[in-house]
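Subject: Structure for you to look at

Hello,

Here is the structure I promised to send over. Please open it alongside this note.

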Amino acid sequence: MDADECAEGDRNRSARWRRLGPLYAAGFTTAFGAHGIAASLGARHSGHVLPLFTLGALLAVYDGAEIILKPVFGTLADRIGPRPVVLGGLVAFAVASATAAVFGATNTGALAGARLAQGAAASAFSPAASAMVARIGAGRTGHAFGSYGAWKSVGYVLGPLLGGAITWWGGFPALFTVLAAVAAAGAVWVAVSVPAVPPAPRQRQTLLDLVRRLTDRDFLRPTLALAATTAALSAGVGFLPVHGRTAGLSSVVTGAVVSLLACCAALVQPLAGRAHDRGRLGLRGGSALGLGLTAVGLAAAALPGVPGLVASAVGIGTGVGMATPLGFAALAATAPAGRMGRTMGAAELGREAGDAGGPLLVGAVAASASPAVGMLALAGAVAVAGLATGVRREGASHGGG
């Protein structure tokens, strides 16, 4: 490759970054916002330890808003174009956070309202940002979604760490102030750098057409893979520290294990996406391998001490990092014309189901046995999902797909 070709490649990469970077920042915002507050809720609020039921409700209200509203905003992104939905969602997130910071989340009800407003705002910019990543990153969707997922993983890492530190220093008002600034900066970056993407021409779709689309293998397979990876990630973040404390390990060690999990996912996702774009890693084989590694990582939690926790974190993080960008790239490749936002919004429901279902399964089994047995149960479920995504469709080609 000569100097001119290298320079042209550098210019193309720079142009892609200018367009996609703000969307990656939007992904970081929702992950950082959700986990930054959630990690601080389990400590103290207004000087008192929260009851477990109240804590669970405060954790669930953010995701509950997303489950209801993501398909709605995904459809809106198809109708008016995704850019204004991303921009509006970030602005709404900044306003909700600033309102909570100024007027103070002084009681549980106010804190729940702030979480609900943030979740509703994230419901707008999350599926719309995914749709824009697919549109702008066409031809390199694997790498684009890998980078998008990596930025979200960074949010998962920094959210608990910085969120806890900020809350310890200045309470929830300080954390909401930081979240407002992050969202506002993201909105400005989107407004300045992201080009307008007009709505794609849409074919008329009946309710029967929608049902067929949502039950088609081209939609179900990647959505199942995304649900399984999110279930494993959520359970790993929630229960590996519990397993570590049961083994007598300090919170510093268990926190490092969770950070290792998220870092592995962040590092692997761009690599897996790039391999997909080059035709080396398809949805069927790549998802089966990624979910297999994830299942092995979940099962490794049953091993004693630090080695078991480290093996579990590396296995879960690597498997999740491999399967996640492949699932999004497959959805982008098979979405009907003009239905990218609706497709991403519907797929996000699968991820939210996994986000809730994974910890519920582990917790239900752990209540009658142990956290390690709960992780083994989830490992079995993820392994079954891997087999389901890896089964060759009758009449399909024998390529790497």
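First, the ground rules. This is a predicted model, in which local features need pLDDT of at least 70, side-chain atom pairs count only at pLDDT 80 or more, and totals for chains, interfaces and linings use all residues. Residues are numbered from 1 along each chain as its sequence is written, and side-chain values use heavy atoms, with hydrogens and water left out.

**Overall**

The protein has 12 helices and 0 strands. Of the 401 residues, 50% count as buried. Buried means under 20% relative accessible area, exposed means over 50%, and partly exposed is in between (1.4 Å probe, protein chains only). The accessible surface comes to about 16,900 Å², and 68% of that belongs to carbon and sulfur atoms. Areas come from the Shrake-Rupley method with a 1.4 Å probe; for residues, only the protein chains shown count as cover. Take the contacts between residues at least 6 apart in sequence: 84% of them join residues at least 24 apart. Contact means heavy atoms within 4.5 Å.

**H3 and H5**

Helix H3 (residues 82-103) packs on helix H5 (residues 141-193) at an angle of about 160°, with the axes 8 Å apart. That makes H3 roughly antiparallel to H5. The cut-offs: under 35 degrees is roughly parallel, over 145 roughly antiparallel, 65 to 115 roughly perpendicular, and the rest oblique. Axes are lines fitted to C-alpha atoms, for helices over the stretch in contact, and angles run from 0 to 180 degrees between N-to-C directions. The crossing of H3 and H5 is left-handed, meaning the near helix is turned anticlockwise from the far one by less than a right angle (clockwise would be right-handed). H3 residues in the contact include Leu 87, Leu 90 and Phe 93. H5 contributes Phe 176, Leu 179 and Val 190, among others. By class, the contact has 18 nonpolar, 3 polar and 1 charged residues. Nonpolar covers Ala, Val, Leu, Ile, Met, Phe, Trp, Tyr, Cys and Pro; charged covers Asp, Glu, Lys and Arg; the others, Gly among them, are polar.

**H7 and H12**

Helix H7 (residues 217-246) and helix H12 (residues 371-390) pack at about 165°, with their axes 10 Å apart. H7 and H12 are therefore roughly antiparallel. H7 passes H12 in a left-handed crossing. Among the contact residues are Phe 239 and His 243 of H7, and Met 375 and Leu 378 of H12. The contact of H7 with H12 divides into 16 nonpolar, 3 polar and 1 charged residues.

**Single residues**

In each contact list below, residues up to four places away in sequence are left out.

- Ala 266 is in helix H8 (residues 251-277). Ala 266 is buried, at 14% relative accessible area. Ala 266 is in contact with Ala 150 and Ser 153.
- Cys 264 also lies in H8. Cys 264 is buried, at 13%. Cys 264 touches Val 314, Gly 317 and Thr 318. Cys 264 and Ser 153 are 111 residues apart in sequence but 8.9 Å apart in space, C-alpha to C-alpha.
- His 143 lies in H5. His 143 is buried, at 18%. His 143 touches Pro 270, Gly 273, Arg 274 and Asp 277.

Best wishes

Key
Helices (H or I, at least four residues) and strands (E, at least two) are DSSP runs, numbered from the N terminus.
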